[in-house]
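Thanks, everyone. I'll keep this brief.

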Amino acid sequence: MTCPHDTVYHSTLPLGSDPALRRRYMVVDEPMQGNMRFGLLLEILDKVAEETALRYVRQFHPTARVVTAAIDNIVVRHAVDVTRDLMFAATINQVGRSSLEIGIRVEQPGEPALHIASCYFTMVARSGYGEDVANVPLPPLDYLDPIEKQRAGKAMARREEYRYQQAARSEPPDKQEYELLTALHQAQDDRNFSGILCARLVAGAWERTYLDQENVPFTIFGGYLVHRAYDLASICSEMVTPHRSIIAGVNRINFFHPVRMSDKLHFTARVVYTEDCYVCVETGIERTSRDRTTKALSNSCLFTFVNVDAELCHHPVPPVHPTTYAEDGRFLAARRSLHTLLRNRTLI
């Protein structure tokens, strides 16, 4: 199994035939378009990516495991019909020294057939535990089909785009960005200013992890963490959306440090940028070890939501006003990330 075609992995969520399962995945118990708990969907996607990567890695390292390094992006193209089965088709797009990019297409077959989302995960193969943990080398894929080569090229382009965005975070604003920030700051000097300040658009939560959340030995399931991060981000987005806030895309989720059983987690979500009908929410997860000797940023997440009515028609959201240098930095980073997402993808 060294060709991308041979790495394809399929999974189905039988929402159409299992009423109890369908109820678990519903937001509300009433007819509504897009009535799907996206946080639970994130858990499934992370598990599908893990299974796809493991099938390849364990050909060469039977005892190795894989961990999620990043969710590069998820583009939501259509609202889920919760009364129909949801299908996942995953494949390995590109293999690095010890990393793999997993592409997952989420669909609903039937009439009409719906392309729900396109998802890209970066997984890393590892062996050992504690001080003995190490990345394991992987053989590259053999790209025989032009489409497979194209997917590999796009995977490399996504990696380079992220590196460019990270480098750009330390760059000063360009002329257009400077004029936009200046106007937002000057507006706050008006004695009749009634705009929305970024500082007021923050939500937080605390949680402790437990043994039943273990996935890879000694660490918590990453899908659960991003599920919780999404839920808080969704609540935070509703601070500025006049109508209903639904997910349009996951810009990026980074996994920096593993979360272990009995860690205490601090989730912080903040609205950092709005444009047209879109709201960008950044969520950070900070872990503190049980003995309180270790504290570290576990995950950073950037979600894009869209303001819609009952028919899923888009409606504009008000601008938000950063005040501090830190808020300016988050504002610009989210703006650039959103523009990249909109430039390369068609969102819901």
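Start with strand 9 and strand 12, residues 295–308: ten bridges join them, and they run antiparallel. For a landmark, take V250. Its bridge partner in strand 12 is F303. Keep in mind that this is a predicted model.

Now the other pairing of strand 9. Strand 2 covers residues 65–76, and four bridges join strand 2 to strand 9. That pairing is antiparallel too.

How many of the twelve residues of strand 9 are buried? Eleven. Strand 9 spans residues 244–255, and it is mostly covered. Buried here means under 20% relative accessible area.

Next, strand 10. Strand 10 runs from residue 264 to residue 275 and pairs with strand 8, residues 202–208. The sense is antiparallel, over seven bridges.

Look for T268: it stands opposite G284 in strand 11.

Strand 10 and strand 11 form a hairpin, with two residues between the strands. Which residue of this hairpin takes a positive phi? D276, near 55 degrees.

Now zoom out. The chain has six helices and 13 strands. Along its principal axes, the C-alpha trace spans about 65 × 50 × 45 Å.

What about burial across the chain? Buried residues are 50% of the 348. Contacts next. Take those between residues at least 6 apart in sequence: 75% of them join residues at least 24 apart.

The chain exposes about 17,000 Å². Carbon and sulfur atoms supply 52% of that area.

Last, charges. The chain carries 39 positive and 42 negative charges. How far apart are their mean positions? The answer is 4 Å.

To recap the strands. Strand 9 is joined to strand 12 by ten bridges and to strand 2 by four.

Definitions and conventions: Residues numbered from 1 in each chain as written. Predicted model: local features only at pLDDT ≥ 70, side-chain atom pairs only at ≥ 80, totals over all residues. Heavy atoms only, no water. Pairing = 2+ DSSP bridges. Buried < 20%, exposed > 50% of the residue type's maximum accessible area, 1.4 Å probe, protein only. Contact = heavy atoms within 4.5 Å. Areas by Shrake-Rupley, 256 points an atom, 1.4 Å probe, with all protein chains shown as cover. Lys, Arg positive; Asp, Glu negative; His and termini not counted. Charge placed at Lys NZ, Arg CZ, Asp CG, Glu CD.
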